[in-house]
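Colleague: I would like to learn how to read a few features of a model. Please take them one at a time, with the general idea before the case.

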Amino acid sequence: MSSIFKDLANAIRFLSVDAVQKANSGHPGLPLGMADVATVLFKYYLRFNPKNPNWINRDRFVLSSGHGSMLLYSLLYLTGYKSVSIKDIKNFRQINSICAGHPEYKKNSGIETTTGPLGQGLSNAVGMAMAEEIMKKKFGLNLINHKTYVIASDGDFMEGISHEAMSLAGHLKLKNLIVLFDNNKTSIDGSTSLAVSDNYKKRFESYNWSFQEVNGHNEKQISKAIKKSLNSKKPNLISCKTIIGYGSPNKSGKAASHGAPLGENEVKLVRKKLKWKHEPFKIPKKILNEWRKIGEKGILQEKKWNTIYNKKRKKIKDEFLRIINNKLPKNFDKLIEEQKKKFFDLKPNVASRQSSAFILEGITKNLPELIGGSADLSGSNNTKTKYSTIIKPSNFNGNYIHYGVREHGMAGIMNGMALHGGIIPYGGTFLIFLDYCKPSLRLSAFMGLKVIYIFSHDSIGLGEDGPTHQPIEHLAHLRAIPKLNVFRPADTIETIECWEIALKSSTNPSVIALSRQKLPFVTEVFTKKNMSNLGGYELKKTNPDPEVTLIASGSEVQIAIDALNKLKNINIDSKVVSMPCQELFDKQPKEYKEKVIEKNSIKISIEAGSIFGWEKYVGSEGVSLGMKSFGKSAPYKELYEHFNLTSDNIVKLTRKMLGK
Ligand SMILES: Cc1ncc(C[n+]2csc(CCOP(=O)(O)OP(=O)(O)O)c2C)c(N)n1
């Protein structure tokens, strides 16, 4: 190993241990152990331009083991990203510092994704690599031809999501994915032998990956392995045998170096051992310059790419820019309006999952960036249209992914595709299986990604499959997640509107909850305006000044309308408010909200899910009808009767509340 190489790697090491020491918290073990691998990657292979971190054809670098965040921040600072200054590094883990405890995705910063929950970064990287292949098919090899590199740790590979994502990556032959495994055989509780005895070679070969093993402190071996992986026909795992806390005389090779500052004394000893004579946070000019030169290589690479791009026909350039800048086609609004008009005239009585298929069929051809899929429930989620072409191993000329029964992997992969850019991912499963993909869905929201979750079979209305499949607390759970819109449309018009909002939401994900059972068409008047965008709106009323406000979402809107008619027959005036999206309703001005939910009326809400959260609309005097227990296995109409989610029950309650 040359002395300059050692200096470069040690610059990462000391920025990391000193920042952890100053913050008095953090994880020194990984940066110390993986500094050599990261140096090889950045010095010889990674194509990136710190002056334009968003360059679309850059290689993606994901630090899946986000606890080693100081490794990433050090690299960004050393290679010259504006986003991370030495002051930021000194402020590691302090409020508002970009150098947060774990990396938090920020556009144009070099932090490609949020990591920390182990395994997520790996699945994101699979999504990025898929996005690269899909974009390459659309725009050609000379515009899109980059790699996705990942650093992942023992913990990443213990997580279930890694099995799902790695398995799909192998199946699809994602050859541009290169994972550098920090194989230090140590995790928090001690040696990984306490909990794992997997044979990684066999594991990865069975996934149809290429497997190599190197000494993770040997520049030449690491470099040779990466070089070999560049021409692979399969995804690549490079197992790098490393020593956690490398250089620490008393803590290296031990769990003690994983997640706590080494201590002032030990840091001094590391300095001595690695012959680093420099003060904390002072990187000698010569070493910094060497790192900056590495960062500058990308300027020329991007320049060359620009020349290729500029030679493309205007039509291709315009489409390329539209897609990577997340802009919908010019005719999009017209397309939506046409669909709304068509279905208003047809007034179909169909399940909202069918309505979702209608709108998908209407827009798929015009939105090549829309990449759908399902976790093996395509026919049930109605996510596949006649314009869907399936993405196959080594053939990414398509717009539909069969994720297999891998909900968690699907969600993490969708995040990766959205992060890559140029793709709007949507994916389906049953609402109940939110439980299987929630950790990634939370990160879609946290990162503010345009990812669209199609969750069908959204209540006891799914019937005979029974309580294991009937979501209860799921809508409440989703509504508790910040920065997420949860839609539950009542008919085809609302479903079109919810899709429109989701596709126009560039800074947050959306869930569209859909019914299995048929729903009557409830929209009363045609309007170009997207009424669902108000979150909740007055659908019907029997008097300008009703005594009762009935608030419902999705499949229960029809029950509220039935109740309104029955109440009218006994001379009680009421109104029905359809509430397809609570988050959007809550953002409306106070006057609007008070007008819609009649202040002086009695209020009853009905939704075939947990009543948790509805009290904010019905108030302390109101009543919420919903589910207070798990469901049951029976035909759905019987279930609605059994659980008292009926118009007759609403009438009974109203009479009681009004004393009539
Ligand atoms: C999903 C998840 N579970 C638990 C943790 C807490 N945690 C952080 S690092 C870690 C394991 C550390 O072992 P390894 O991945 O081998 O990292 P190393 O010790 O080599 O740095 C755990 C359990 C986490 N970050 N994410």
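Colleague: How many aromatic pairs does a search of the whole structure find?

Modeller: A pair of aromatic rings is described by the distance of the centres and the angle of the planes. Rings of Phe, Tyr and Trp (its six-membered ring) pair if their centres lie within 6.5 Å; planes under 30 degrees apart count as stacked, over 60 as edge-to-face and the rest as tilted. The search gives 28 aromatic pairs. One of them is Tyr73 with Phe92, edge-to-face at 6.1 Å centre to centre and 65° between the planes. This pair links distant parts of the chain, 19 residues apart: Tyr73 is in helix H3 (residues 69–79) and Phe92 in the loop between helix H4 (86–90) and helix H5 (120–139). Helices here are DSSP runs (H or I, at least four residues), as are strands (E, at least two), numbered from the N terminus. Both Tyr73 and Phe92 are buried; buried means under 20% relative accessible area, exposed over 50%, and partly exposed in between (1.4 Å probe, protein chains only).

The model is predicted: local features need pLDDT of at least 70, side-chain atom pairs count only at pLDDT 80 or more, and totals for chains, interfaces and linings use all residues. Residues are numbered from 1 along each chain as its sequence is written, and side-chain values use heavy atoms, with hydrogens and water left out.

Colleague: Why is the pair of Phe139 and Phe320 edge-to-face?

Modeller: Phe139 and Phe320 are edge-to-face because their planes are at 80°, with the ring centres 4.9 Å apart. Phe139 is in helix H5 and Phe320 in helix H12 (residues 314–324), 181 residues apart, so this pair too links distant parts of the chain. Phe139 is buried, with a relative accessible area of 11%, and Phe320 counts as buried at 1% relative accessibility.

Colleague: Which residues form one aromatic cluster?

Modeller: Phe157, Phe181, Tyr200, Phe204, Tyr207 and Trp209 do.
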